[in-house]
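Some notes for a colleague on this model follow, as numbered points. Please read them with the structure open.

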Amino acid sequence: MNLFKKMLLFWALFSVAFFLLRTKDPFYGNILMADIGDLGGITYLYSTVGIIFSILAGFVIQNRWDRWTSLELAVTGEVAALRELWAWSQRCPEPIRTAIHKATQDYLAITIREGWERPAGEGESDEEDAVLDSLRNGVLGARVEPERDASAVALFRDILTHRANRRQNMRPMPESLRQALVFANVLVIGLALFIGVKNFWLDYLFTVSIGLLGYLIYLVVDDLNNPVKPGIWHITPQGYQRLLRKLQQDRPEAKE
């Protein structure tokens with residue numbers, strides 16, 4: 001379900017709740033306060049809840065956005081380092097070149113198949129460890145020129161760094177923080193239903209706007225918190241897939 005459909009569904013459900021509270025006893029005239037004189041300090045209390053929600057939502061969105069940006073940089077950096085390592089291996093002797101080519105393709109394949117959605121802290125498979133060892137042995141086993149050997153080691157170190165950053169930035173926010181944001185959102189949206197004004201349609205316009213805005217903030221946070229799930233912001237392994245296809249096409253046996 002895309003963002004527009006989610007917002008439309010929420011608007012429909014929220015509108016039903018609003019009209020029930022405004023037109024059915026015992027809510028109207030008993031719980032709702034449509035008279036300014038009856039509100040007292042409720043508006044100030046509600047403003048406090050809104051300010052707390054705004055601070056919390058702003059912090060979470062900024063945190064998730066920073067992680068999203070870091071994740072994009074890690075993904076593009078890892079693909080670029082792998083491409084450069086492959087280009088470097090083109091000038092290596094045949095056994096070393098073949099070993100690095102195979103290890104690079106295996107690394108890309110295992111990342112696409114198993115390691116893409118696995119964040120840091122969930123461990124690695126034996127196959128991932130074996131692929132990394134093969135790539136490491138291929139780089140460290142190369143003896144071409146001291147300066148070029150050092151550049152290959154630096155590229156391998158970049159791959160490991162970007163890989164660690166990618167997995168780290170795929171970790172979701174702490175569950176307690178997510179629940180706190182949901183609770184604050186429910187308070188802001190729910191309490192808005194119980195504060196009315198005399199003009200019915202003006203009351204509806206402002207109340208439904210508060211509800212839609214709060215729900216939109218939650219959807220944005222949820223989307224940023226799940227970067228590999230299809231949504232507005234969605235990281236895909238397309239860069240790894242394109243590089244893998246290129247390497248497979250450039251194999252000597254593929255050209256024959």
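1. Confidence. The model is predicted. Its mean pLDDT is 82, and 84% of the residues reach 70 or more. Among the elements, helix 7 (residues 175-192) has the highest mean pLDDT, 91. The lowest, 47, belongs to helix 10 (residues 252-255).

2. The salt bridge of arginine 136. The structure holds 7 salt bridges. In one of them, the side chain of arginine 136 meets that of aspartate 133, with an N to O distance of 2.8 Å. The two residues are separated by about one helical turn, because they are 3 residues apart in helix 5. Aspartate 133 has a relative accessible area of 38%, so aspartate 133 is partly exposed.

3. A pair in helix 7. Glutamate 175 forms a salt bridge with arginine 178, and their closest N and O atoms are 2.6 Å apart. Here too the separation is about one helical turn, because the residues are 3 apart in helix 7. Glutamate 175 counts as partly exposed at 40% relative accessibility. Arginine 178 counts as partly exposed at 28%.

4. The side chains of glutamate 78 and arginine 166 meet in a salt bridge at 2.7 Å, N to O. This pair links distant parts of the chain, since glutamate 78 is in helix 3 and arginine 166 is in helix 6, 88 residues apart. Glutamate 78 and arginine 166 are both buried. Side chains of opposite charge can pair when their charged atoms come close.

5. The largest nonpolar core. This core has 33 residues, of which Leu85, Leu108 and Ile159 touch the most other members. Helix 3 (42-89), helix 4 (94-115), helix 5 (126-140), helix 6 (146-169), helix 8 and helix 9 each supply at least two of its residues. Helix 3 gives the largest share, 9 residues. In soluble globular proteins, nonpolar side chains tend to be buried together.

6. Around isoleucine 159. Leaving aside residues up to four places away in sequence, isoleucine 159 touches Glu78, Ala81, Leu82, Leu85, Tyr107 and Leu135. Of these contacts, Leu85 is also named among the core residues that touch the most other members, and Glu78 is the acidic partner of arginine 166.

7. A nonpolar surface patch. Val197, Leu202, Leu205 and Phe206 form a nonpolar patch on the surface, and together they have about 370 Å² of accessible area. Leucine 205 is placed in helix 8 (residues 200-225). Leucine 205 counts as partly exposed because its relative accessibility is 48%.

8. Threonine 236 is found in the loop between helix 8 and helix 9 (238-249). At 28% relative accessibility, threonine 236 counts as partly exposed. Threonine 236 and isoleucine 112 are 124 residues apart in sequence, yet their C-alpha atoms are 9.4 Å apart in space.

Terms used
Residues are numbered from 1 along each chain as its sequence is written. This is a predicted model: local features need pLDDT of at least 70, side-chain atom pairs count only at pLDDT 80 or more; totals for chains, interfaces and linings use all residues. Side-chain values use heavy atoms; hydrogens and water are left out. Patches are made of residues with over 30% relative accessible area and no salt bridge: like charges are joined within 9 Å, nonpolar side chains (Val, Leu, Ile, Met, Phe, Trp, Tyr) within 5 Å. Accessible areas come from the Shrake-Rupley method with a 1.4 Å probe; for residues, only the protein chains shown count as cover. A salt bridge is a side-chain nitrogen of Lys or Arg within 4 Å of a carboxyl oxygen of Asp or Glu. Helices (H or I, at least four residues) and strands (E, at least two) are DSSP runs, numbered from the N terminus. Buried means under 20% relative accessible area, exposed over 50%, partly exposed in between (1.4 Å probe, protein chains only). pLDDT is the predictor's confidence in each residue, from 0 to 100. A nonpolar core is a set of buried Ala, Val, Leu, Ile, Met, Phe, Trp, Tyr and Cys residues joined through side-chain atoms within 4.5 Å. Contact means heavy atoms within 4.5 Å.
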